[in-house]
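Hi,

Here is the structure I promised to pass on.

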Amino acid sequence: MTMALRTALLLVVLAALVASGVAPYDRGVWWAEVMPVLIAVPILLATARRFPLTPLACGLIAFFALILILGGAYTYARVPIGFVVQDWFDLARNPYDRFGHFFQGVTPAILGRELLLRTSPLRPGKWLFCLVTLSCLGISALYELVEWAAAELWAGGAVEFVGMQGDPWDAQAAMLMAVTGAMLAQWLLAGVHDRQLARVERAGVEK
């Protein structure tokens, strides 16, 4: 991925972040939902030169950031595209948060896979697949614990942040979506990812 394309992805994410923060549905929820983006962007910028990520990882991170930003602007239960899908499939609830949790598995899976392959003795195979999958499930479970803490401490704002929409199994469904996304990402994208990792390694050797 060229520097120009990386810069373009960054500018798209920053523009979306600014636009979403102009008049979000709930300012507190907006801060809570976009906080991962606010944390990730400085880290990625600080490490871009000495540890450049593959195009696949960069693209997924940018896409996931846009998912979080849109959810922060409307709250997950009110994202318009979710209502469209709800009508199409006659669903009982807005499914946008399910989509978000799916990519909460996809994106960390590829990023975690990349970090492990580039910084540890692990190679592609069953152990890598299991460790990445379990890590993504752990990240999802941790996020559900954060939502639980918010529900206990935040009072009214927690309803919009948690976004259960009356579903008593919301946390379990969210974790299922995340672990499904993590496994599918590894099954479907491993080949592309390995080729991009090889190019990154060759570029590092040439330097």
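Let's start with Phe129, which sits in helix 6 (residues 126-153). Bear in mind throughout that this is a predicted model. Is Phe129 buried or exposed, or something in between? It counts as partly exposed, because its relative accessibility is 21% and the cut-off for buried is under 20%. Leaving aside residues up to four places away in sequence, Phe129 touches Met183, Gln186 and Trp187. The structure holds eight aromatic pairs, and two of them are worth a look on your screen.

One is Phe63 with Phe103, an edge-to-face pair with 5.0 Å from centre to centre and 70° between the planes. Phe63 belongs to helix 3 (residues 55-74) and Phe103 to helix 5 (residues 96-119), so this pair ties together parts that are 40 residues apart in sequence. How accessible are the two partners? Phe63 is partly exposed, at a relative accessible area of 36%, while Phe103 counts as buried at 13% relative accessibility.

Another is Tyr76 with Tyr96, and this pair is tilted: 5.5 Å centre to centre, with 40° between the planes. Tyr76 is in the loop between helix 3 and helix 4 (80-89), and Tyr96 is in helix 5, so here the parts tied together are 20 residues apart in sequence. Both Tyr76 and Tyr96 are buried.

If you colour the rings, you can pick out one aromatic cluster formed by Phe63, Tyr76, Tyr96, Phe99, Phe102 and Phe103. Both pairs described above have their members in that list.

How do helix 1 and helix 2 lie relative to each other? The axes of helix 1 (residues 3-20) and helix 2 (residues 27-47) come within 12 Å and cross at roughly 150°. The two helices are therefore roughly antiparallel to each other, since angles over 145 degrees count as such. The crossing of helix 1 past helix 2 is left-handed.

Which residues make the contact? From helix 1 they are Leu10, Val13, Leu17 and Ser20. Helix 2 brings Trp30, Val34, Val37, Leu38, Val41 and Leu45. Sorted by class, this contact of helix 1 with helix 2 has nine nonpolar residues, one polar and no charged ones.

Last, a couple of backbone details. Two residues other than glycine have a positive phi: Thr75, with a value near 75°, and Asp90, with a value near 50°. Each is in a loop: Thr75 in the one between helix 3 and helix 4, Asp90 in the one between helix 4 and helix 5. Are they buried or exposed? Thr75 counts as buried, at 0% relative accessibility, whereas Asp90 counts as exposed, at 69%.

Cheers

Key. Residues are numbered from 1 along each chain as its sequence is written. This is a predicted model: local features need pLDDT of at least 70, side-chain atom pairs count only at pLDDT 80 or more; totals for chains, interfaces and linings use all residues. Side-chain values use heavy atoms; hydrogens and water are left out. Axes are lines fitted to C-alpha atoms, for helices over the stretch in contact, and angles run from 0 to 180 degrees between N-to-C directions. Helices (H or I, at least four residues) and strands (E, at least two) are DSSP runs, numbered from the N terminus. Angles under 35 degrees count as roughly parallel, over 145 as roughly antiparallel, 65 to 115 as roughly perpendicular and the rest as oblique. A crossing is left-handed if the near helix is turned anticlockwise from the far one by less than a right angle, and right-handed if clockwise. Contact means heavy atoms within 4.5 Å. Ala, Val, Leu, Ile, Met, Phe, Trp, Tyr, Cys and Pro count as nonpolar, Asp, Glu, Lys and Arg as charged, and the others, Gly among them, as polar. Rings of Phe, Tyr and Trp (its six-membered ring) pair if their centres lie within 6.5 Å; planes under 30 degrees apart count as stacked, over 60 as edge-to-face and the rest as tilted. Buried means under 20% relative accessible area, exposed over 50%, partly exposed in between (1.4 Å probe, protein chains only).
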